[in-house]
Amino acid sequence: MKLTLQIWRQESAQAKGKLVSYPIDNIDEDMSFLEMLDVLNESLVAKGDVPVEFDHDCREGICGMCSLQINGEPHGPDRRVTTCQLHMRMFKDGDTIVIEPFRAKAFPVIKDLVVDRSAFDRIQHAGGYISVNTSGKTTDANAILIPKENADKAMDAATCIGCGACVAACKNASAMLFTSAKVSQYALLPQGRVEATTRVQNMVRQMDLEGFGNCTNTGACEVECPKGISLENIARMNREFLGAKLKG
Ligand code: SF4
Ligand code: FES
């Protein structure tokens with residue numbers, strides 16, 4: 001395939017960025033999107049040019065590092081896949097592909113296609129954990145009965161990889177889908193109920209402090225989420241939050 005890539009280049013957080021056009025040839029449809037970018041970078045390095053910076057780690061859809069806005073969609077045109085799992089067969093010979101970083105005030109650009117998503121880490125630190133007494137009087141996990149439906153929903157929520165596509169997809173740059181997944185994975189399990197009241201309040205407070213917008217139920221986050229995290233989690237987080245406020 002022969003393609004034209006329009007890639008966001010920005011030297012630093014302070015620099016002004018712009019789209020730069022790169023023609024690219026000999027792209028196999030079985031390549032992943034990141035392998036295609038590797039080919040581009042090898043040719044840039046061979047010419048003495050600066051390669052394009054982009055985030056990646058596992059390249060298996062697990063770590064949540066890859067985060068590209070491809071033709072206006074977080075993780076590109078395929079569904080339920082991350083950028084590293086996107087294949088070039090989703091594009092046609094002669095296509096122009098616009099590649100930008102995720103856009104949100106709370107995700108400032110560091111360089112080119114790399115954004116700072118540490119806001120998500122701070123939301124996690126605010127309450128996305130359970131405290132367990134490991135001093136010796138522990139209860140065997142198998143002795144705690146959990147309804148199958150709750151276990152399944154908690155597991156589904158826990159598949160959120162923190163990629164940030166939900167924020168990039170949202171017209172309000174809301175982090176409600178991410179935060180609600182992290183709240184839900186504990187709210188549904190007895191181990192998570194101990195700190196449930198403070199967890200939801202602290203995580204929502206941090207989410208607001210980071211400058212994410214509010215949810216207006218558009219649902220773009222759910223459509224673009226590579227892990228199929230359901231909007232149901234946002235409804236659960238709202239109920240948890242209201243319940244916590246009423247408890248004072
Ligand atoms: S909810 Fe989905 S889109 Fe948002 S961070 Fe988690 S996995 Fe990514
Ligand atoms: S590189 Fe890890 S999810 Fe894409």
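Reply: The largest nonpolar core has 41 residues, and Cys166, Val167 and Leu177 are those with the most contacts inside it. A nonpolar core here is a set of buried Ala, Val, Leu, Ile, Met, Phe, Trp, Tyr and Cys residues joined through C-beta atoms within 7 Å, where a residue is buried if 20 or more other C-beta atoms lie within 10 Å of its own, exposed if 12 or fewer, and partly exposed in between, with C-beta atoms placed from the backbone. This is a predicted model, in which local features need pLDDT of at least 70 and side-chain atom pairs count only at pLDDT 80 or more, while totals for chains, interfaces and linings use all residues. Residues are numbered from 1 along each chain as its sequence is written, and chains are lettered from A and ligands numbered from 1 in the order in which they are written.

At least two residues of this core come from each of α2 (118-125), α4 (165-169), α5 (176-187), α7 (196-209) and α9 (232-247); helices (H or I, at least four residues) and strands (E, at least two) are DSSP runs, numbered from the N terminus. The largest share, seven residues, is supplied by α5. The core also draws at least three residues from each of domain 1 (3-111) and domain 2 (118-247), with bounds that come from an automatic or database domain assignment.

Leaving aside residues up to four places away in sequence, Val167 touches Phe102, Ala104, Phe107, Ala173, Ser174, Ala175 and Phe212, where contact means that the C-beta atoms of two residues, placed from the backbone, lie within 7 Å. A second, separate core of 16 residues includes Leu5, Met36, Val52 and Ile99.

Returning to α5, this helix packs with α7 at an angle of about 175°, with their axes 10 Å apart; axes are lines fitted to C-alpha atoms, for helices over the stretch in contact, and angles run from 0 to 180 degrees between N-to-C directions. The two helices, α5 and α7, are therefore roughly antiparallel to each other, since angles over 145 degrees count as roughly antiparallel, under 35 as roughly parallel, 65 to 115 as roughly perpendicular and the rest as oblique. On the α5 side the contact is made by Thr179, Lys182, Val183, Tyr186 and Ala187, and on the α7 side by Ala196, Arg199, Val200, Met203, Val204 and Met207.
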